[in-house]
Amino acid sequence: MDRLATEFVASAGALAHCPRWNRIEIAIVGRSNVGKSSLVNALTGQRGLARTSRTPGRTQAINFFTLGESLALVDLPGYGYAKMPQPVATRIAGALREFLAGRGNLQALILLTDARRGPQREELDLAASARERGLTLFAVATKCDKLKRSERPAALARMRALEAEPILCSVHTGEGIELLRRRVLSAGR
Ligand code: GTP
Ligand code: MG
C-alpha cells in the first residue's frame, strides 16, 4: 500500500472551529462504536492515529487528519449512544448536523454501518441528505469479520437501501480497506 503522509491536525467542537484550508474533506459518519476511528487508522495505515475504544461515545469532537497534499479525512463523533449525558449528546448532534449541512470543504461521505445490522433510519436519512448536497457517498458495511460466509449475501442485500455500491470492510482482516482507500483517493481528484 502506498503510504500518504498523514497526521492529526485539529479537533473542533463546532463548525466555526474547523480548520480554514483548501483541503478536500472525506468524512466518516455512523452510529457510535461502529468503527469510524478504527477506519481512519486502517485507511491511513497508522495504528493509534485516531483514538478508538471498546465502549461507545469515544469521539466527541470533529477530528481532522491530513491525507497527502490535498485531502483530509474527518473522523466524526457517533450518534445513537443512549447513555451519553443529554447536554453532551445535544451538543454533538448539533455539531454533526452543522458540519454535514454547511462544511464547504466536504466532498464525500463514508457512511459506516455494522455489517450485521445494515442501515437504519438514521443512515437512510444521512444518505438522502448527502445526495441532496451532491456529496459522493461510500456505503460501507464494516466488522464483516463477524459475518459467517452464509450471512454475507444478506448483509450486502441490506445495504441496497442506501442506493450506493456497498463495500464490505473489516479492519481486523483488512478486507475492503484497499478498495475503499482507492475510491477515497480518487474522490479527491
Ligand atoms: P465512537 O467514537 O464512539 O463514535 O466510535 P467509533 O465509531 O469511532 O468506533 P471505534 O473505531 O472506536 O471502534 C469501536 C469498537 O469496534 C472497538 O472495540 C474496535 O476495535 C471495534 N472495531 C472497529 N472496526 C472493527 C472491525 O472491522 N471488526 C471488528 N470485529 N471490530 C471492529
Ligand atoms: Mg470514534
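Tutor: Before we start, one term: a contact means heavy atoms within 4.5 Å. Also, keep in mind that this is a predicted model.

Student: In what pattern do they follow along the sequence?

Tutor: Reading along, you get β-β-α-β-β-α-β-α-β-α-β-α.

Student: Why does the radius of gyration agree with a compact globule?

Tutor: The protein has 189 residues, so a compact globule would have a radius near 16 Å, and the value here is 15 Å, which agrees. The C-alpha atoms fill a box of roughly 45 × 40 × 35 Å along the principal axes.

Student: What percentage of the residues count as buried?

Tutor: 49% of the 189.

Student: Switching to charges. How many are positive and how many negative?

Tutor: There are 29 positive and 17 negative charges. Their mean positions are 5 Å apart.

Student: Now the metal. Which residues coordinate the magnesium ion (ligand 2)?

Tutor: Ser-37 does, through OG, and Thr-59 does, through OG1. The distances are 2.0 to 2.2 Å.

Student: Where do those two sit in the chain?

Tutor: Ser-37 lies in helix 1, and Thr-59 lies in the loop between helix 1 and strand 3 (62-67), so the pair ties together parts that are 22 residues apart in sequence.

Student: Is Ser-37 buried or exposed? And Thr-59, buried or exposed?

Tutor: The cut-off for buried is under 20% relative accessible area. Ser-37 has 8%, so it counts as buried. Thr-59 has 13%, so Thr-59 counts as buried too.

Student: Let's go to the loop between strand 2 and helix 1. Where is Ser-32?

Tutor: Ser-32 is in that very loop, between strand 2 and helix 1. It counts as buried because its relative accessibility is 13%.

Student: What is Ser-32 in contact with, leaving aside neighbours within four places in sequence?

Tutor: Pro-56, Gly-57, Gly-78, Tyr-79 and Tyr-81.

Student: And what about Asn-33? Where is its place?

Tutor: Asn-33 is in the loop between strand 2 (24-30) and helix 1 (36-44). At 31% relative accessibility, Asn-33 counts as partly exposed. Its phi is positive, about 80°, although Asn-33 is not a glycine.

Student: What is phi for Lys-143?

Tutor: Near 60°, a positive value in a residue other than glycine. Lys-143 lies in the loop between strand 6 (136-142) and helix 4 (152-159). Lys-143 counts as partly exposed, at 22% relative accessibility.

Student: Last topic. Where does Ala-187 lie?

Tutor: In helix 5, which covers residues 177-187. Ala-187 is buried, with a relative accessible area of 13%.

Student: What does Ala-187 touch, not counting residues up to four places away in sequence?

Tutor: Gln-107, Ala-108 and Phe-138.

Student: And how many residues apart in sequence are Ala-187 and Leu-137?

Tutor: They are 50 residues apart in sequence. In space, C-alpha to C-alpha, Ala-187 and Leu-137 are 9.9 Å apart.

Terms used:
Residues numbered from 1 in each chain as written. Chains lettered and ligands numbered in written order. Predicted model: local features only at pLDDT ≥ 70, side-chain atom pairs only at ≥ 80, totals over all residues. Heavy atoms only, no water. Helix = DSSP H or I, 4+ residues; strand = E, 2+ residues; numbered from the N terminus. Rg over C-alpha atoms; globule rule 2.2 N^0.38 Å. Buried < 20%, exposed > 50% of the residue type's maximum accessible area, 1.4 Å probe, protein only. Lys, Arg positive; Asp, Glu negative; His and termini not counted. Charge placed at Lys NZ, Arg CZ, Asp CG, Glu CD. Donors = N, O, S within 2.8 Å, 3.2 Å for Na, K, Ca; no water.
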